[in-house]
Amino acid sequence: MSAKSGTASPARHRGRMPEGRTIRVGEIETAYFDAGQGETIVFIYGGNFGSADSAPSAPAWDLNFGPLSKRFRVVAFDKLGQGYTDNPARDEDYSMAAVVRHAAEFIKALKLPPVHIVGHSRGGFAATRVALDYPELVRSLTIINSGTLSTSVSTNELVLSRCPHKPFTRESARWIYEGYCFDPKTVTDDWIEVVYEVMQQPRYREGVRKFVDEQLGSRVFLPQLALQKRETLNWLREGRLQRPTQIIWGYNDRTATVAGAYELFRAVGAHLRQTELHVINESGHFPYREHPERFNALLGRFVSLASA
Amino acid sequence: MTTLKAETVQVQGLPTRVLRGGRRGAPATLFVHGATPGVTPYCGGAHLWGAVLDRFADERQIVVPDLPGSGATGLPAGAFAFDALVGHIDALIEALELRDVYFVGHDLGGLMGLILAMDKPERLASLSVVASAMSAPTGDSLDDLVFRSPPPPRWSRASQSWALERVSYSHLALDAALLDACAAAAEGPAHRAAVEAMAGDGYSRRLAPSMTRAKMRLWEKARADGLAVPVQLVWGSHDPTTSEERGAVLFATLAARQTATHYHLINRAGNLPFRDQPDAFHHVVAAFQDGVIEHRAAAA
């Protein structure tokens, strides 16, 4: 496992993100950003491999990276099979379990001290699993708008299915993210361009082909996630989560509704004193992009408190 | 509270006890306590806040009054109505020449903050409404059992201890300094005057209707165009006086027309979340203020 810098990464976020780096995590070449010093924050974005309409990557955190890197070490990496990280080597690794393993192995590969892990949406689920399965790697947990961690009905398919635009286009990405956000103006050209560049890679297209055409999504990913979700929610109700936890939720999310936030708070808080819930008005699925100054203040204060 | 000093400030002719301190020149944070004078079975005053003030004093200028009829601030003669309480705090802000106040109001103080935010938005930079049973809509609620049978004699140290324990997540959040201050407040002329004013139907005929009228105006404002001040609601997970659902209804009401509205739940906290979980309370309120401060700096 060796770290190197200067790999190809989209140009649009330069200035808000440092130069990208890569590190081998097992057999997976993993792209990441790393800046600042001190208590370490690791971000895990949402989504999963195999989407032809949109494609998140580590610069999703570009409004948080700079401000927080003044006080903390901040690390954002591309998940297994997403962004600029290699696809899974085996078909059976098109799974959330493999994504969680890769995330934990990445933290170990960078030899990070116990981290403040921050996960959004599907990434909130992955971050929670890292905190449950590898508590020695985690100092605190921040969960953002994670329908994956909610028993209430996820309305993604109701709100965002049948995108009217061609796959792998700027238009499809814009349609998806505008559907996620409270204010469509927060979906900037820069954001869309980063997503578009990810979707143009042959490797990314290959992942979509396997996920959709070879049906690894319906044959592997979703059934495994359903199993792991039941297990995870039971574990939360049983009190296995033993790190300070804050839940941050955009109130106007049409896909992961706020009812899930209250439910999650009650499940975790039943066992864990240091549990907080923050509901942010006029924010959809991406409070860290729609209200970055609020989000950064909450996260910075929470990390300081959990480090004390 | 070593950094805070008690002063007496003349506010519209009423000598008003105020604790002040913290960082000079930093944003002014005004802490307005809860408890209805002469009614709530424990005595309100600046002493309710406790050691959480020290956490704020590191970064903020701190102003912590005793409301009229509470602590060491007397009760003016005449009808005692909610509007007079709001008018007093408004006049205090003017008397101290505070600009862009970060208002933190607990329970009754939270409702005062909402009314001030509605009527004089230019006074406030932000508003934190804390565990405010007084502010939340109640609908056709069940009769309130929380303070059903305070042990006599009322407002004795033991009786106030009972009342504070009823509304707290943990009795361990109540220290001797708090109970001593509550007992001392009960002996003071302010409390005795408030009890007299509220006796008989004083509360139900004067104070309660004035509060209801203020709330009706607030709902109308929230429906029509919202408040012009960023507002956060900070609720405890185990508050017997106002549930997280009631806080959520108040949040939804305010959030309908207002941009910067946040709702926070602090775990293992009752009606005095700043005592049950002072670290979390400080983190939640200070982070909200940080966001407002940064937003204002960017806008300026």
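In the predicted model, Val115(A) has Val138(A) of strand E7(A) as its bridge partner. This pair belongs to the pairing of strand E6 of chain A, residues 115–120, with E7(A), in which the two strands run parallel and are joined by six bridges. Strand E7(A) spans residues 138–144 and is mostly covered, with six of its seven residues buried.

The buried residues of H8(A) are Leu216(A), Gly217(A), Val220(A), Phe221(A), Leu225(A), Thr232(A) and Leu236(A). In an α-helix there are 3.6 residues a turn, so residues three or four places apart point the same way. Just after H8(A), a positive phi of about 90 degrees is found at Gly239(A).

The crossing of H2(A) past H3(A) is right-handed. On the side of H2(A), the contact is formed by Met96(A), Val99(A), Val100(A), Ala103(A) and Ala104(A). Helix H3(A) contributes Phe125(A), Ala126(A), Arg129(A), Val130(A) and Asp133(A). Classified by type, the residues in this contact of H2(A) with H3(A) are eight nonpolar and two charged, with no polar residue.

Between the chains, 19 residues of chain A are in contact with 23 residues of chain B. On the chain A side, the elements that supply two or more residues are H9, strand E9 (275–280) and helix H11 (292–307). Of these, H11(A) gives the most, with seven residues. The side of chain A that touches chain B has nine nonpolar, four polar and six charged residues. Strand pairing also links the two chains: E9(A) pairs with strand E8 of chain B, residues 261–266, in the antiparallel sense over five bridges. Within this pairing, Val279(A) stands opposite Tyr263(B) of E8(B).

Several backbone features occur in loops of chain B. The loop between strand E6 (124–130) and helix H4 (157–167) of chain B contains Pro153(B). The peptide bond that leads from Pro152(B) to Pro153(B) is cis, and its omega is near -5 degrees. Trp155(B) is found in the loop between E6 and H4 of chain B as well. Its phi is near 65 degrees, a positive value in a residue other than glycine. Trp155(B) counts as buried because it has 23 C-beta neighbours inside 10 Å, where 20 or more are required.

A positive phi in a residue other than glycine is also present at Asp107(B), where the value is near 50 degrees. Asp107(B) lies in the loop between strand E5 (101–106) and helix H3 (108–119) of chain B. With 29 C-beta neighbours inside 10 Å, Asp107(B) therefore counts as buried.

Terms used. Residues are numbered from 1 along each chain as its sequence is written. Chains are lettered from A and ligands numbered from 1 in the order in which they are written. This is a predicted model: local features need pLDDT of at least 70, side-chain atom pairs count only at pLDDT 80 or more; totals for chains, interfaces and linings use all residues. A residue is buried if 20 or more other C-beta atoms lie within 10 Å of its own, exposed if 12 or fewer, and partly exposed in between; C-beta atoms are placed from the backbone. Helices (H or I, at least four residues) and strands (E, at least two) are DSSP runs, numbered from the N terminus. A crossing is left-handed if the near helix is turned anticlockwise from the far one by less than a right angle, and right-handed if clockwise. Two residues are in contact if their C-beta atoms, placed from the backbone, lie within 7 Å. Ala, Val, Leu, Ile, Met, Phe, Trp, Tyr, Cys and Pro count as nonpolar, Asp, Glu, Lys and Arg as charged, and the others, Gly among them, as polar. Two strands pair if DSSP finds at least two bridges between them.
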